[in-house]
Amino acid sequence: YALADGAVFKLITRLPGTNAEREHGTAFAIHAAGYLITNYHVVATVMGEPEKYELILERNGTSEAAKVISLDPVNDIALIKVETPLEKVLTLAPGPNVANGEIIYSLGFPKSEQITMIQGTFNGQRRMGFAPVLTASMPLNQGMSGGPTLNSKGEVIGVNRAMMTQAQNIS
């Protein structure tokens, strides 16, 4: 948790100039110049109706506008940017760097709660689209989408995406 604290943020879709949250997810810092990763599905509403909604990154009790830089809808990834530099960034692992049965950790903002870390067990990879999809026994919750999944070294091995609705605690 200490390795990721300060690099994981709540990402909100809202009506401009209001605090009326439509939905939220999670984003994590990958470069001090203000670059963050999240899921495409977290920013899809803003991309579909940019005149109606704005994207806001919450950090340290403040809010800042975020803009989408690049999208990969097939693999459900989005690169976003804020103007204020980021003090802490996460390290991306050179590959999954994790073995079946190893303990992994996912961070995010479930519901409207504070940042939460969930421990799980890595169950392997499978293909969906062009990139591998990691599977784990862990209860991801709504709002954790776009957050990082970390190995025991604190390196990012994946992005929280979804839980299997026809199973218990498989994400």
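Strands in these legends are DSSP runs of E, at least two residues long, and helices are runs of H or I with at least four residues, both numbered from the N terminus. The views below come from a predicted model, so please read each one with that in mind.

**View 1. The loop around P110.** Let's start between two strands: P110 sits in the loop that links β8 (103–108) to β9 (116–128). Is P110 buried or exposed? Its relative accessibility is 9%, and because buried means under 20%, P110 counts as buried. Once neighbours within four places in sequence are set aside, the residues in contact with P110 are H24, T116, N141, Q142, G143 and M144. For a sense of distance, D72 is 38 residues from P110 in sequence, and the C-alpha atoms of the two are 23 Å apart.

**View 2. The whole protein, for orientation.** The protein has 1 helix and 12 strands, and along the sequence they run β-β-β-α-β-β-β-β-β-β-β-β-β. The radius of gyration is 15 Å, close to the 16 Å given by the globule rule for 171 residues, so the protein is as compact as a globular protein of that length. Along the principal axes, the C-alpha atoms occupy a box of roughly 45 × 35 × 30 Å. Buried residues make up 43% of the 171. Taking contacts between residues at least 6 apart in sequence, 59% join residues at least 24 apart.

**View 3. The largest nonpolar core and V8.** Which residues touch the most other members of the largest nonpolar core? In this set of 27 residues, they are V8, L11, L36, L55, L57, I80 and L90. At least two residues of the core come from each of β1 (8–14), β2 (21–31), β3 (35–38), α1 (40–48), β4 (54–59) and β7 (77–81). Another core, of 11 residues, lies apart from it and includes A93, I104, F122 and I157. Zooming in on V8, and leaving out neighbours within four places in sequence, we find contacts with T26, A27, F28, L90, L107, F109, I115 and P148.

**View 4. T45 in the helix.** T45 belongs to helix α1. With a relative accessibility of 15%, T45 counts as buried. Not counting residues up to four places away in sequence, T45 touches T13, R22, E23 and Y53.

**View 5. D76 and its backbone angle.** D76 is worth a look for its phi, which is positive at about 60 degrees although D76 is not a glycine. This residue is placed in the loop between β6 (67–72) and β7. Its relative accessible area is 7%, so D76 is buried.

**View 6. P85 on the loop between β7 and β8.** P85 is located in the loop between these two strands. Is P85 buried or exposed? At 54% relative accessibility, P85 counts as exposed. Which residues does P85 touch, not counting those up to four places away in sequence? They are A32 and R59. G34 is 51 residues from P85 along the chain, yet their C-alpha atoms are separated by 5.0 Å.

**View 7. A lysine over a tyrosine ring.** Here K81 lies over the face of Y35, with 5.3 Å to the ring centre. How many aromatic pairs does the structure hold? The count is 0.

Note on methods:
Residues are numbered from 1 along each chain as its sequence is written. This is a predicted model: local features need pLDDT of at least 70, side-chain atom pairs count only at pLDDT 80 or more; totals for chains, interfaces and linings use all residues. Side-chain values use heavy atoms; hydrogens and water are left out. Rings of Phe, Tyr and Trp (its six-membered ring) pair if their centres lie within 6.5 Å; planes under 30 degrees apart count as stacked, over 60 as edge-to-face and the rest as tilted. A charge sits over a ring if NZ of Lys or CZ of Arg is within 6 Å of the ring centre and within 35 degrees of the ring normal. The radius of gyration is taken over C-alpha atoms; the globule rule is 2.2 Å times the number of residues to the power 0.38. Buried means under 20% relative accessible area, exposed over 50%, partly exposed in between (1.4 Å probe, protein chains only). Contact means heavy atoms within 4.5 Å. A nonpolar core is a set of buried Ala, Val, Leu, Ile, Met, Phe, Trp, Tyr and Cys residues joined through side-chain atoms within 4.5 Å.
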